[in-house]
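Dear colleague,

Please find below the sequence and structure that I am handing over to you. My findings follow directly after them.

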Amino acid sequence: MVKGLLAAVEKKYALTIQHFEVIRDTTRTFVLKVIAEQGIFILKSMYTDEHRLQFILEAEDFIRSRGIKIPSVLLTNENKLYFTYKGEYFVLQQWICAVPYRLTSIDKTVRLAQLLGEIHSFTKGYQPSFGPFYYGAAKWEQEYEENVGYLESWRIDSLKIEEEWKLSVLEYLDFFISTGTYVKENVKTNIIFHSWNENHPNLVLSHSDFHTQNVLMDESLDLHIIDWEFVRLDFPSRDINRLLYAMLKKSTAWNHQVFNTMMRAYLNRNWLSDQEMKLMYLDLAFPHNFCRNLIWGKFARMTVNQIKDLLQKEYDKTVYLLDCYKK
């Protein structure tokens with residue numbers, strides 16, 4: 001497949017390819033690093049339909065036009081943003097010579113919070129040209145229901161299995177099920193959530209996979225945001241949750257003062273009302289990360305001490321966020 005694909009790329013973009021490297025090959029994406037006489041590029045297929053791809057590319061272009069650095073997309077010789085090969089859509093992007101942005105200090109966390117706030121601020125009320133597609137906020141109740149149900153089923157299936165990592169997870173499982181149920185019921189009373197629709201001004205363009213591997217820093221210390229394939233219209237908490245989790249993993253313990261510093265930096269760029277903040281605290285308290293780690297088998301690849309350390313931080317974070325919500 002790759003040989004024929006590269007031949008198509010050479011023809012579509014008038015390139016002379018010298019070398020390539022497979023960066024990612026999963027059920028979701030196929031990514032090649034392409035080295036040609038004309039430069040270095042990223043070739044990507046996101047295994048999606050054409051409408052979804054158009055939504056992604058338009059969202060990227062809108063955010064890029066406001067000064068946020070996102071790898072540029074090259075046009076084909078037919079002046080198109082993508083081409084098809086064996087039924088799949090492919091995009092050729094600029095290669096960014098940069099490294100993942102590491103959260104090694106509070107200042108670095110603040111910088112990401114400011115960047116996120118800036119993006120959310122100017123994408124509030126964003127209206128795509130390709131219809132009201134990819135409205136993630138509409139699926140919150142279903143997502144809450146499915147995740148709590150998954151945790152309850154996992155508990156039943158794991159009670160008779162005495163693997164050490166599962167016993168460590170079980171110590172915290174009831175708390176996260178209880179919290180998930182509480183969030184699921186209380187979110188319905190929030191006036192912001194209750195009034196949501198596709199045109200609601202509280203929704204923003206959410207990257208939806210905003211972790212430090214998707215934020216790159218170049219030699220000039222500029223930040224570039226990559227991998228927008230999960231972008232959708234959603235509430236800001238979804239991106240903040242990913243940033244908060246990245247911060248939590250790097251910390252030795254939950255620190256509400258660092259969290260508050262991060263949130264002040266975010267709110268300085270994207271102010272939220274009291275009702276929006278209540279919804280923020282509530283959604284951040286839901287065990288999104290706990291569920292994700294369990295569903296994707298990440299706990300099974302950790303040591304018992306790593307699991308206990310992470311879940312204690314998640315527990316302390318959740319207690320604090322629920323307290324903020326109830327105030």
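Predicted model: local features only at pLDDT ≥ 70, side-chain atom pairs only at ≥ 80, totals over all residues.

Residues are numbered from 1 along each chain as its sequence is written, and side-chain values use heavy atoms, with hydrogens and water left out.

Overall form

The protein contains 11 helices and 10 strands; these are DSSP runs numbered from the N terminus, with helices being H or I of at least four residues and strands E of at least two. Along the principal axes, the C-alpha atoms occupy a box of roughly 60 × 45 × 35 Å.

Surface and burial

Of the 327 residues, 51% count as buried. Buried means under 20% relative accessible area, exposed means over 50%, and partly exposed lies in between (1.4 Å probe, protein chains only). The accessible surface comes to about 15,800 Å², and carbon and sulfur atoms account for 50% of it; the areas come from the Shrake-Rupley method with a 1.4 Å probe.

Domains and contacts

The domain assignment, which is automatic or from a database, gives domain 1 (1-95) and domain 2 (106-326). Their contact takes 21 residues from domain 1 and 25 residues from domain 2, where contact means heavy atoms within 4.5 Å. The centres of the two domains, taken over C-alpha atoms, are separated by 29 Å. Among contacts in the protein between residues at least 6 apart in sequence, 71% join residues at least 24 apart.

Two residues with positive phi

Tyr47 is a residue other than glycine with a positive phi, near 45°. Tyr47 sits in the loop between strand 3 (39-45) and helix 2 (50-65), and is partly exposed, with a relative accessible area of 32%. Asp227, also not a glycine, has a positive phi near 55°. The loop that holds Asp227 runs between strand 9 (223-225) and strand 10 (232-234); with a relative accessible area of 12%, Asp227 is buried.

Yours sincerely
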